[in-house]
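Please consult the sequence and the structure alongside the text.

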Amino acid sequence: MTKPFVHIVDDNETALLLASDICAALGLEAKTWQNSANFLVAAENDFPADDIVILDVYMPENDGVDVLRALYAKNKLVKVILVSAKNLDTLTFSALLAQAFGHQLLASIQKPLTINALRSVITPLMRGNDN
């Protein structure tokens, strides 16, 4: 299987840079989106099924759940890795909502994102074990 393309959606510039650097270290191509509305417009136009979204749960305009809801409403189901610096209960609740919307939840990871955490999620996908 080819390596997935990764979309990173987070309002925090430092978190975007960290996630982008981790993707690069894993040999993955990534695009960062500091504005979730811009990401949603791009996802409408061209979004291959193998793409992965690393999505922050808490953002000021459209939070992660809003983004997942909007994608669902447009019949765009995604493979998603939810991230948050908030408590685990919030992350767990957001993960349940992602699944309820029909998205393929790959992981819920508490920030800060680490290379080991992302590698453990991405490596099986690159081997074709995304069942």
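The model is predicted. The protein chain contains 5 helices and 5 strands, arranged along the sequence in the pattern β-α-β-α-β-α-β-α-β-α.

**Overall fold**

- The protein chain has a radius of gyration of 13 Å, close to the 14 Å given by the globule rule for 131 residues, so it is as compact as a globular protein of that length.
- The C-alpha trace of the protein chain spans about 30 × 30 × 25 Å along its principal axes.
- Of the 131 residues in the protein chain, 40% count as buried.
- Among contacts in the protein chain with a separation of 6 or more, 71% are accounted for by residues 24 or more positions apart.

**Helix H4**

- Thr90, Leu91, Ser94, Ala95 and Ala98 are the buried residues of H4. They cover an arc of only 135 degrees around the axis, which means that they lie on the same side of H4.
- The buried residues of H4 pack against helix H3 (64–73), strand E4 (79–84) and strand E5 (104–110).
- On the face of H4 turned away from its buried side are the exposed residues Asp89, Phe93, Leu96 and Ala100.
- Within H4, Thr90 has a relative accessible area of 18%; the residue is therefore buried, the cut-off being under 20%. Not counting residues up to four places away in sequence, Thr90 touches Val57 and Tyr58.
- At the N-terminal end, H4 is capped by Asn87, of which a side-chain oxygen lies 3.1 Å from the backbone nitrogen of Asp89.
- Gly102 follows H4 and has a positive phi, near 95 degrees.

- In soluble globular proteins, nonpolar side chains tend to be buried together.
- The largest nonpolar core has 21 residues, of which Phe39, Leu55, Leu68 and Leu82 touch the most other members. Two or more residues of this core come from each of helix H2 (36–45), strand E3 (52–56), H3, E4 and H4. H3 gives the most to this core, with 4 residues.
- Leaving aside neighbours within four places in sequence, Leu55 is in contact with Val9, Gly64, Val67, Leu68, Val80, Ile81, Leu82 and Val83.
- A second, separate core has 19 residues, including Ile52, Ala107, Leu113 and Leu118.

**Backbone exceptions**

- Most residues other than glycine have a negative phi, and most peptide bonds are trans.
- Which residues are joined by a cis peptide bond? Lys111 and Pro112 are joined in this way, with omega about 5 degrees. Pro112 is found in the loop between E5 and helix H5 (115–126).
- Asn75, a residue other than glycine, has a positive phi, near 60 degrees. Asn75 lies in the loop between H3 and E4. With a relative accessible area of 66%, Asn75 is exposed, because the cut-off for that class is over 50%.

Methods: Residues numbered from 1 in each chain as written. Predicted model: local features only at pLDDT ≥ 70, side-chain atom pairs only at ≥ 80, totals over all residues. Heavy atoms only, no water. Buried < 20%, exposed > 50% of the residue type's maximum accessible area, 1.4 Å probe, protein only. Arc of directions from axis to C-beta. Contact = heavy atoms within 4.5 Å. Polar contact = N/O pair within 3.5 Å; in protein donor to acceptor, adjacent residues only side chain to side chain. Core = buried A, V, L, I, M, F, W, Y, C linked by side-chain atoms within 4.5 Å. Rg over C-alpha atoms; globule rule 2.2 N^0.38 Å.
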